[in-house]
Amino acid sequence: MTRFLLLALLAASSTAGAVVIRADVDDAKYRIPASGFPALVDMPGEGHGVLIAPQWAITAAHTLPGNAALKQVAINGVSRDVERVVRHPGYKTLPKELLDQAMASGEATLIVVFLASSDDIALIKLKQPVTDIAPVALYRQGDEAGRIVSIVGKGATGTGALGHDPAGPNRTELRRADNTVTSAYDRWLCYVFDEPPAALPLEGMLGNGDSGGPVLVQVDGRPSLAGLASWKVVQGHVVTARPGRYGQTACNVRISHYVGWIEQVIAEQPGEDR
């Protein structure tokens with residue numbers, strides 16, 4: 001069967017994001033209050049980011065508006081004005097002809113190759129520092145493989161048995177789930193949505209609508225940011241495949257790979273949007 005990567009910038013397809021849950025576990029066990037992760041950033045419409053410094057948030061670059069300026073984001077339910085946005089210089093916008101080809105043929109191997117070669121990361125500088133929420137520390141070690149991580153988001157939901165409706169809705173309730181990193185190399189760290197009984201007690205998978213959301217590792221009892229939701233591999237035809245089923249793989253921006261770039265941008269003097 002054809003494999004297809006789902007990315008939030010693909011308006012005609014599905015987006016990477018929130019939490020699809022085990023079919024045999026009550027959804028209530030996955031839901032958390034906003035206080036469970038107040039550093040979560042809500043991008044306009046859909047998509048997420050994470051507060052990593054009082055005046056800086058981080059997200060997947062493909063969650064940003066194409067040609068329009070990003071004016072506001074919400075953090076802990078409060079709108080925050082944006083001063084500037086810095087996309088990684090290695091970020092690439094998916095060519096329309098490549099997407100059209102995949103939609104027509106149902107086969108998207110070239111999209112896989114393209115997305116895997118892109119630096120899907122961006123920083124957002126806020127006009128005013130956030131003083132009511134503690135930023136999340138960056139995970140700097142390169143030992144993510146084999147670690148249990150938590151994913152947090154408000155996007156589309158469903159169960160691993162059926163996946164979720166690719167047509168949405170892509171904003172739902174805040175959920176948190178766990179998974180085990182199966183691979184971590186260069187730009188990406190990835191995990192697989194295992195089917196019970198091999199799954200973790202609260203195993204989950206990205207759904208549509210929350211690209212840029214956090215992948216968290218616990219360090220000394222506190223969450224550190226190891227990754228950002230970016231894309232996933234789905235079995236089946238591009239148009240008809242259901243995202244979020246057991247056996248699918250999610251790949252996330254690997255923060256440890258980008259720590260140097262992040263710190264360099266934050267340390268620079270303010271300049272024009274890039």
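Q: Which cysteines form a disulfide, and how far apart are their sulfur atoms?
A: A disulfide is a pair of cysteine sulfur atoms within 2.5 Å. Here cysteine 190 and cysteine 251 form one, with their sulfur atoms 2.3 Å apart. A search of the whole structure finds 1 disulfide.

Q: What kind of model is this, and how are residues numbered?
A: This is a predicted model: local features need pLDDT of at least 70, side-chain atom pairs count only at pLDDT 80 or more, and totals for chains, interfaces and linings use all residues. Residues are numbered from 1 along each chain as its sequence is written, and side-chain values use heavy atoms, leaving out hydrogens and water.

Q: Where in the chain do the two cysteines of the pair lie?
A: Strands (E, at least two residues) and helices (H or I, at least four) are DSSP runs, numbered from the N terminus. Cysteine 190 is in strand β12 (residues 188–192). Cysteine 251 is in strand β16 (residues 249–254). They are 61 residues apart, so the pair links distant parts of the chain.

Q: What is the handedness of the disulfide?
A: Look at the torsion about the S-S bond. For cysteine 190 and cysteine 251 it is about 105°, so the disulfide is right-handed.

Q: Are the cysteines buried or exposed?
A: Buried means under 20% relative accessible area, exposed over 50%, and partly exposed in between (1.4 Å probe, protein chains only). Cysteine 190 is buried, and so is cysteine 251. Across the 274 residues of the chain, 54% count as buried.

Q: What does valine 181 contact?
A: Contact means heavy atoms within 4.5 Å. Valine 181 sits in strand β11 (residues 175–185). Valine 181 is buried, with a relative accessible area of 3%. Leaving aside neighbours within four places in sequence, its contacts include Glu144, Val149, Leu189 and Cys190. Cys190 is also one of the disulfide partners.

Q: How many helices and strands does the chain have?
A: The chain has 3 helices and 16 strands. The radius of gyration, taken over C-alpha atoms, is compared with a globule rule: 2.2 Å times the number of residues to the power 0.38. The chain has 17 Å, close to the 19 Å that the rule gives for 274 residues, so it is as compact as a globular protein of that length.

Q: What share of the contacts joins residues 24 or more positions apart?
A: Count the contacts with a separation of 6 or more. In this chain, residues 24 or more positions apart account for 77% of them.
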